Amino acid sequence: MTDVKRQLLDELVASGIERREVRWIIEEFLRDDSSRSVANVRNAVERRVNGAPLQYVLGHWPFRELDLDVDPRALIPRPETEELVGLALEQLAFGNSSTPLMLDLGCGTGAIGLSLLFELRERGIRARLVCVDASSDALDLARTNARKYDLTAVSFVRSNWFDDVDATFRGTFDVIASNPPYVSALEMLTLDRVLEYEPRDALVAPDAMGVGGFADVEHIIRHAPTWLSPSGVLVLEHGEAQRDAVAATCEQSGFSSFNLFDDVSGKPRMLVAQR
Ligand SMILES: C[S@@+](CC[C@H](N)C(=O)[O-])C[C@H]1O[C@@H](n2cnc3c(N)ncnc32)[C@H](O)[C@@H]1O
């Protein structure tokens, strides 16, 4: 470590940020010993001190095998969602399509869909992906992430869930994967203030069926069967208090079978449903 780095580290740790975070910020922004580089480090630490999430300060963050660009245009991808991608990959391994067609609903950074496309490409499988989001900002970020990994078999659609997805895709998706907003407006008031840096529309959903934040999860479960191929699967993340409502909605929506999964911390969080 150079003298400049060591001095900066000691000085900036005193601002109250964890030492390893300061180290990461220095690694990211201290390109040389110039005053401009040092100023970039100080600005980044100041943003962090003021409460910005580390991921937004650094501007990129690992998700499974990708290093995704992240910024306030989209939700920071969460570790639980990495598990959702794992479930989707397992389903594709059992599926009978050699060129699977996938839909990522509410793609944000593109974390789910682009990871699927990337990891399938590594296995020699040529999949195709449609990424949907209501936010054009999020779609722009997802496009950047697709370019970063030269993932070209993907189209981006601005849509309120399925509304503007091309009707010719009905009955064709091998996998629909989604991590929709599922926090209720009431619950949002009690959560960590750091969430205020993320787009509210990425987190908060209206209540439905008497369940807080359930409206988007419900909408996706009810409409997915129409868009899935005959052997297609819906892989969906949901809120931990929503499992009973998820099961009830699946039963009413014509899926042939479904399974519910806990995340690594044992919380009921994921659905895999077969058309
Ligand atoms: C919880 S974030 C998930 C982002 C990303 N898939 C991930 O897991 O990191 C939910 C995403 O759904 C999008 N979204 C919210 N309402 C939507 C709607 N009505 N139609 C389409 N996308 C929507 C948000 O813009 C946001 O990008």
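Predicted model: local features only at pLDDT ≥ 70, side-chain atom pairs only at ≥ 80, totals over all residues.
Q: Which residues come nearest the ligand?
A: Gly 106, Asp 133, Asn 160, Trp 161 and Ala 202. They belong to a set of 18 residues around the ligand.

Q: What does Asn 160 do there, in terms of polar atoms?
A: One of its polar side-chain atoms lies 2.7 Å from a nitrogen atom of the ligand.

Q: And Trp 161, side chain or backbone?
A: Backbone. A polar backbone atom of Trp 161 is 2.9 Å from a ligand nitrogen atom.

Q: Which residue has a polar side-chain atom by a ligand oxygen?
A: Asn 179. The distance is 2.9 Å.

Q: How much of the ligand does the protein bury?
A: 93% of the 600 Å² that the ligand exposes when taken alone.

Q: What is the shell around the ligand made of?
A: Nine nonpolar residues, seven polar and two charged.

Q: Switching topic. Which domains are assigned?
A: Domain 1 covers 3-50, and domain 2 covers 63-274.

Q: How far apart are their C-alpha centres?
A: The centres of domain 1 and domain 2 are 36 Å apart.

Q: Now helix 11. Which residues are buried?
A: Ala 245, Val 246, Ala 247, Thr 249 and Cys 250. The helix runs over residues 243-252.

Q: What do those buried residues of helix 11 pack against?
A: Helix 10 (215-227), plus strand 8 (257-262) and strand 9 (268-274).

Q: What about Gly 254, positive or negative phi?
A: Positive, near 85°. Gly 254 follows helix 11.

Definitions and conventions. Residues numbered from 1 in each chain as written. Heavy atoms only, no water. Near = heavy atom within 4 Å. Polar contact = N/O pair within 3.5 Å; in protein donor to acceptor, adjacent residues only side chain to side chain. Areas by Shrake-Rupley, 256 points an atom, 1.4 Å probe, with all protein chains shown as cover. Nonpolar A, V, L, I, M, F, W, Y, C, P; charged D, E, K, R; others polar. Domains from an automatic or database assignment. Buried < 20%, exposed > 50% of the residue type's maximum accessible area, 1.4 Å probe, protein only. Helix = DSSP H or I, 4+ residues; strand = E, 2+ residues; numbered from the N terminus. Contact = heavy atoms within 4.5 Å.
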